[in-house]
Amino acid sequence: MSRKIELTIKSCQKYPDDGRVEEINSSAEGLIYRKNRLHYLVYNDYSAGLSGVRTTIKIDQACERVLIIRAKPHEYQQTFVNGKKEKGSYQTNYGRIKTAVLTEELKIDLRDKKGSILIDYKLYFNGQYTSRNNLLINWV
């Protein structure tokens, strides 16, 4: 059984080359449901030029793992596991980019009526360190 939720998403990227910091704040309506032992958040993401792409966040609290999947045309798949470097991929207008993240902190808080996910990670594009990122997703 699914229920409607309101999400707020805050993302901060810090670029080591020039010290630049970019922040993105957005909100969306979505759904949360539980299937097997996992929780799923599903919403359409309109932030940063994503033009409403369907985004699914798969939460495995027991294994402390989060998987973010975006549908086409901005296809993206990335797993976050505390203390581990995980490979992923991102489809751009110029082709597919290999990604990896080293998750330095992952906190999952699931409650009856609300929840949050905090992910602090280093992002790598095609093997090169790109940025230090902080992602906070809250829902009610």
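Strands are DSSP runs of at least two residues, numbered from the N terminus, and two of them pair if DSSP finds at least two bridges between them.

Quick caveat: this is a predicted model, where local features need pLDDT of at least 70, side-chain atom pairs count only at pLDDT 80 or more, and totals for chains, interfaces and linings use all residues. Residues are numbered from 1 along each chain as its sequence is written, and side-chain values use heavy atoms, leaving out hydrogens and water.

Now, Thr99. You'll find Thr99 in strand E8, residues 95-110. Is Thr99 buried or exposed? Buried, because its relative accessible area is 4%, and buried means under 20%, exposed over 50%, partly exposed in between, with a 1.4 Å probe and protein chains only. Its contacts (heavy atoms within 4.5 Å), not counting residues up to four places away in sequence, include Tyr90, Tyr124 and Phe125.

The side chains of Thr99 and Gln78 are also joined by a polar contact of 2.7 Å. That term covers N or O atoms within 3.5 Å; within protein, one must be able to donate a hydrogen and the other to accept it, and residues adjacent in sequence count only if both atoms are side-chain atoms. Gln78, in E6, stands opposite Ile68.

Notes. Helices (H or I, at least four residues) and strands (E, at least two) are DSSP runs, numbered from the N terminus.
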